[in-house]
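Please examine the sequence and the three-dimensional structure shown below before reading the report.

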Amino acid sequence: MESTPAGEAVEVSREALTFARSLAAEGGGVPVDAVLVGEPSAELAATLAAYGVRRVHALTGEAFASYAGAAWAAGVQDARETSVVVMAAGTPRGNEVMAHVAAREGVAMAANVLSFSGLSPFVVTRQVVGGAALEEMRLADRPAVFTVAGHAVEAAPADVPGSAEVVVRAPAVAEADLVARVVSSEEPEPDLSGTLKSARVVVGAGRGAGSAEGFAELVELTELLGGSLGVSRVVTSLGWRPHHEQVGQTGSRISPELYIPCGISGAIQHWAGCSTAKSILAINTDPEAPMVTKATYAVIGDLHEVVPAINAEIRRRHR
Amino acid sequence: MKVLVCVKRVVDSSSEVVLTDDAQAVDGRYAGFTMSAHEECAVELAVQVAAATGGSATVLTLGDADAVEQLRAALAVGCTEAVHVLADSSTYGPADVAREIAAVAGDFDLVLLGNDAADSGDFQVGIRLAYELGRPVVNGVTNVSVADGIVTASGAGTDGHETYRVPLPAVVTVLEGGVEPRYPTVPGRMKAKKVPIEERSPVASPVGPSRVRLLLPPPAPSNVQVLGKGADAAPAVVDLFEQLGVLSR
Ligand SMILES: Cc1cc2nc3c(=O)[nH]c(=O)nc-3n(C[C@H](O)[C@H](O)[C@H](O)COP(=O)(O)OP(=O)(O)OC[C@H]3O[C@@H](n4cnc5c(N)ncnc54)[C@H](O)[C@@H]3O)c2cc1C
């Protein structure tokens with residue numbers, strides 16, 4: 001379980017609890033326990049109860065004061081007692097701690113699971129190739145260890161709430177498991193992508209812009225619409241625009257009213273950052289580009305002809 | 001100081017993904033192959049750490065004969081030695097790969113890997129390797145430096161920018177984004193061609209991945225409404241802007 005600094009359960013953890021509950025129901029109504037680092041706030045305990053958690057194992061003590069993947073995994077092992085399934089949300093921490101658990105238990109682990117199909121054999125379907133393909137994977141070992149991909153299920157409280165009885169634990173942790181721990185954490189760098197993430201309209205530009213100079217008309221369209229400019233990774237790798245403008249798996253995730261990707265092919269890694277836009281207007285020379293086929297609207301053509309014509313039309317009507 | 005960096009030959013997944021007939025792998029015949037993005041950064045960091053400590057950077061891969069291409073790519077950007085564990089990587093699960101790397105890594109002070117491979121996305125080879133070797137492991141960092149037998153590694157964490165300081169020998173997995181991998185120069189490529197590559201056989205037979213099969217997600221139905229071609233589409237586009245209310249009249 002992961003929670004925010006304010007002590008609320010993060011959404012992906014609530015999704016993982018929902019997933020765990022359906023798995024427990026399939027397994028004949030076995031109980032669901034949660035493990036977390038630190039003692040839960042009253043609010044968090046209430047959420048865990050609402051999500052059907054029977055018992056909360058709260059890991060406390062010096063060993064858990066700062067993050068150490070191996071120590072946290074040792075804490076999970078201590079708390080799991082007889083549990084035959086150990087799972088977490090597919091966050092960086094979730095994947096890391098579960099990989100430690102799997103390595104320590106000598107069992108397989110499946111990252112980013114979307115669903116399960118049957119318990120014997122226990123088979124899960126997970127995302128691979130950055131989401132472009134799925135893998136069916138057998139998890140025959142005990143415990144079965146996996147992480148749940150974001151949005152695999154919708155977070156929903158249980159019909160019958162649990163008791164969320166809190167058990168405080170301070171397991172002994174081996175010195176070796178504390179060697180790799182966070183020694184300092186600083187405020188994150190100022191986030192320059194803020195306006196991009198909150199913009200109502202985002203004009204996107206990819207390799208089709210052609211060069212750093214090829215952005216003039218795109219910037220003008222962005223200004224005419226009072227929006228933000230977002231770019232593909234090719235554009236940042238080539239140094240045409242700064243990284244904080246990148247949209248995608250390794251850039252920002254945006255959900256504007258309208259996204260206007262110009263000269264962007266729509267590779268899965270880019271799509272990961274813009275798929276939740278309300279509508280998409282693709283401008284591309286290639287009618288078969290994935291971005292065009294996935295878009296709501298499209299204009300087929302050279303962006304260096306289409307975009308200036310749009311700008312001129314806006315200026316004509318809105319002078 | 002001796003640095004080992006592990007890379008994997010993967011299908012370039014930026015274009016359409018096609019599966020092999022037996023649905024056990026992604027078919028790379030049309031897409032081409034590359035090294036995972038995280039590993040390009042791990043290679044860059046390995047070369048930087050080797051230079052800063054007056055040491056060496058060795059690149060390792062487990063893969064079939066064609067994976068030599070990824071070893072040469074790493075040699076072209078500054079690695080000076082290469083180890084090729086010749087095996088069909090598709091029959092290797094993450095625990096198998098970790099065991100094979102461990103058989104080589106014992107001589108090295110620092111082992112760098114990508115946080116996760118672009119194809120299998122397992123998130124665990126580095127961690128399993130650390131347990132095989134009985135060494136500390138730091139995950140998902142974007143900066144790595146070494147001084148006085150201590151590796152300092154940092155990256156964006158849950159609570160802001162997080163720093164770890166771990167004594168050598170250690171294992172570190174790298175995420176893309178902290179360093180700009182350098183491009184190979186022509187002399188770099190020429191030199192890379194001449195480096196002898198140490199070929200090894202696997203030390204154990206693989207247990208295999210727990211894969212049943214791969215599937216492609218169903219393609220989303222296309223509902224795109226084409227507003228027109230070229231500059232002539234401009235009036236229809238501006239009509240749309242007005243209709244969506246993204247342009248104030
Ligand atoms: C681990 C990993 C993470 C990644 N993360 C990201 C990420 O966060 N964000 C991201 O964007 N990518 C990411 N990528 C890269 C991604 O796979 C693609 O390579 C990239 O998105 C392609 O950028 P593009 O669409 O601009 O270029 P291309 O794929 O080259 O497409 C250019 C498009 O422009 C069209 N075009 C060309 N000229 C014109 C013109 N004059 N007018 C109109 N259209 C034109 C072409 O028809 C084509 O569709 C990642 C890749 C990996 C492996």
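Predicted model: local features only at pLDDT ≥ 70, side-chain atom pairs only at ≥ 80, totals over all residues.

Residues are numbered from 1 along each chain as its sequence is written, chains are lettered from A and ligands numbered from 1 in the order in which they are written, and side-chain values use heavy atoms, with hydrogens and water left out.

**Chain A as a whole**

Chain A contains 10 helices and 14 strands. Helices (H or I, at least four residues) and strands (E, at least two) are DSSP runs, numbered from the N terminus. Along the principal axes, the C-alpha atoms of chain A fill a box of roughly 70 × 45 × 35 Å. Of the 319 residues in chain A, 52% are buried; buried means under 20% relative accessible area, exposed over 50%, and partly exposed in between (1.4 Å probe, protein chains only). Contact means heavy atoms within 4.5 Å. Among the contacts in chain A with a separation of 6 or more, 59% join residues 24 or more positions apart.

**Two helix pairs**

The table gives the geometry of each pair. Axes are lines fitted to C-alpha atoms, for helices over the stretch in contact, and angles run from 0 to 180 degrees between N-to-C directions.

| Pair | Axes | Angle |
|---|---|---|
| α3(A) (residues 69-80) and α4(A) (residues 92-105) | within 8 Å | roughly 65° |
| α2(B) (residues 68-76) and α5(B) (residues 186-194) | 8 Å apart | about 130° |

In chain A, the residues in contact include Trp72(A) and Val76(A) of α3(A) and His100(A) and Val101(A) of α4(A). By class, this contact has seven nonpolar, three polar and four charged residues. Ala, Val, Leu, Ile, Met, Phe, Trp, Tyr, Cys and Pro count as nonpolar, Asp, Glu, Lys and Arg as charged, and the others, Gly among them, as polar.

In chain B, Arg72(B), Leu75(B) and Ala76(B) of α2(B) meet Gly188(B), Arg189(B), Ala192(B), Lys193(B) and Lys194(B) of α5(B). The contact of α2(B) with α5(B) comprises three nonpolar, one polar and four charged residues.

**One residue of α2(B)**

Is Gln70(B) buried or exposed? Gln70(B), which lies in helix α2 of chain B, has a relative accessible area of 4% and is therefore buried. Leaving aside residues up to four places away in sequence, Gln70(B) touches Val7(B), Arg9(B), Phe33(B), Thr34(B) and Met35(B).
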